[in-house]
Amino acid sequence: FIVIIIYISYCLFVGLFTHVSLLSARTEINAHTITKPLVLNNDIKVYEASVAKDPEQMFVEILSNTMQPLNAPFSVGFTTKYVWLYFELKNATDTLLELILSLENPHIDSLYLYEIQAVDSKSVLIGKGGDKMSFHERRYFHRNFIFPVQLEKDEVKRFLLKVDKRNASLSYPLRVWDRNTFVARDELIKVSHGIFVGVFLFITFTSLLLGRLTQLSIFRVYGL
């Protein structure tokens, strides 16, 4: 009888410890924080796996403490393993949130973002990308890897991000944006790039034209 009580107490302790540990991977988004991009790296759990695993298996091992998180919120450095990032997002506002999750490292071989369902802990593929995939396989054509996320009022969603950049150095800067803020910023960047290229082409064309009219080679050099 005493052994049974000790075993039950141990299971409860492990379950409570795991729950508290995973809660530390949760980022709450409220009306104040959503006005600017949120860096998620301080609130994520990072794991390494030597072999390929499916997300359900990985999540079970995380819950059971079979795998221990690394102290590497932004980068694991050089790695020969698969890297998994676990994090949670909670809508602490009273309205629907439409968000953009952005991984700002375009030099990753492959990555898969899964949502872990609250009811049965099954995984749903949200999106994928990577250098080893065609650009047209991405859900959104963007220089970074971006994924849309919707959160209802008080809703919590759990995510697993599988990142593969074995035999290389790996960093994973993660941000979450309000969708409208992200789109507005991205359009501004595109316009600024367009202006820069336009000015560059104008200077090149003008220099070549002046070189032809004046027959001075210095203008051709500037043009090239």
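Color by secondary structure and you'll find four helices and 12 strands in the chain; these are DSSP runs (helices are H or I, at least four residues; strands are E, at least two), numbered from the N terminus. This is a predicted model, where local features need pLDDT of at least 70, side-chain atom pairs count only at pLDDT 80 or more, and totals for chains, interfaces and linings use all residues. Residues are numbered from 1 along each chain as its sequence is written, and side-chain values use heavy atoms, with hydrogens and water left out.

Next, select the open sheet: its four strands go E2-E12-E6-E9, with antiparallel pairing. Two strands pair if DSSP finds at least two bridges between them. At the edges sit E2 (38-39) and E9 (145-151), each pairing on one side only.

Zoom in on E6 (residues 97-103), which is joined to antiparallel E9 by seven bridges. Pick leucine 103 and look opposite: there's phenylalanine 145 in E9.

Now select helix H3 (residues 179-214), lying across E6, E9 and E12 (174-178). H3 runs at about 100° to E12 (axes are lines fitted to C-alpha atoms, for helices over the stretch in contact, meaning heavy atoms within 4.5 Å, and angles run from 0 to 180 degrees between N-to-C directions).

Stay on H3 and click phenylalanine 202. Is that residue buried or exposed? Phenylalanine 202 is exposed, because its relative accessible area is 55% (buried means under 20%, exposed over 50%, partly exposed in between, with a 1.4 Å probe and protein chains only).

Finally, zoom out: of the chain's 224 residues, 39% count as buried.
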